[in-house]
Amino acid sequence: MFITSKNTIVEAISKDLVQTLYIKFPVSKREKDIIKLAEKKKVPIKNVDKNEMEKIVGKIYSIAADIKENVEIGIDSFIEKAFEKRENPLIFILDSITDVHNLGAIIRNAYFFDVAGIIMPKDNSAPINEKVYEISEGAAYHLPISIETNLNRVIDLMKDKGFWIYYASEKGETSLEDFKFNSPTAIILGNEHSGVRDILKKNSDGSIIINAVNDFDSLNVSAASAIIGYAYSIYK
């Protein structure tokens, strides 16, 4: 995968995830600093002309990086890693999140608040692409992600492993202020327009609501993920 955001490239170089750095001269001072960092980290650097750069990434940039992607992991390994982080981990299950900006922001929020990882469906979901890496500000390099074909089966497996499953809804039963993260927990976040699908609701143990201060029933799903992540991070 190729990335062109300078901040994202710096993060990738720092984490030894860049396989090759492509440079089209002339470059700015900022880009010269990136080249120095790449040289320090012994990243292969290739000078290209504008035609080669356009052929590689589809547009003409002065700098681009070929990176190692975050390798998705199977659900068994995913759950095992979750319990390595905390006795009572929190996991986000994403249902039909098709907007790359929301996906990138959710990944960023999850990593910031030490959520153990994200499970998302193979179909009807935004792809984990360059834009997601960029929006997540590098969090997509680190956060465990499991991409599954059947979320309902995953929920059954997680229940067998001791997880309690809840979905977020504006009509939720338990307010987030009163919710207790005292057991392994997975929270399903649904598409902003259609919400969590009924089949997943029926297989859940309950639902939560983020209470609004004003009479307004809509909250961006990435904002909801940040609020839930914060509540989890301060739970005692």
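This is a predicted model: local features need pLDDT of at least 70, side-chain atom pairs count only at pLDDT 80 or more; totals for chains, interfaces and linings use all residues.
The domain assignment of the chain puts domain 1 at 1-65 and domain 2 at 73-233, with bounds that come from an automatic or database assignment. Residues are numbered from 1 along each chain as its sequence is written, and side-chain values use heavy atoms, with hydrogens and water left out. Local features need pLDDT of at least 70 and side-chain atom pairs count only at pLDDT 80 or more, whereas totals for chains, interfaces and linings use all residues.

Eleven residues of domain 1 touch nine residues of domain 2, contact being heavy atoms within 4.5 Å. Between them the two domains bury about 780 Å², with 63% of that on carbon and sulfur atoms; buried area here is the accessible area (1.4 Å probe) that two parts lose on being put together, summed over both. On the domain 1 side, M1, T8 and E11 lose the most area to domain 2, and together they make up 48% of what that side buries.

Strand 1 (2-3) and helix 1 (6-14) are the elements that give two or more residues to the side of domain 1 that touches domain 2, where helices (H or I, at least four residues) and strands (E, at least two) are DSSP runs, numbered from the N terminus. Helix 1 supplies the largest share of that side, four residues.
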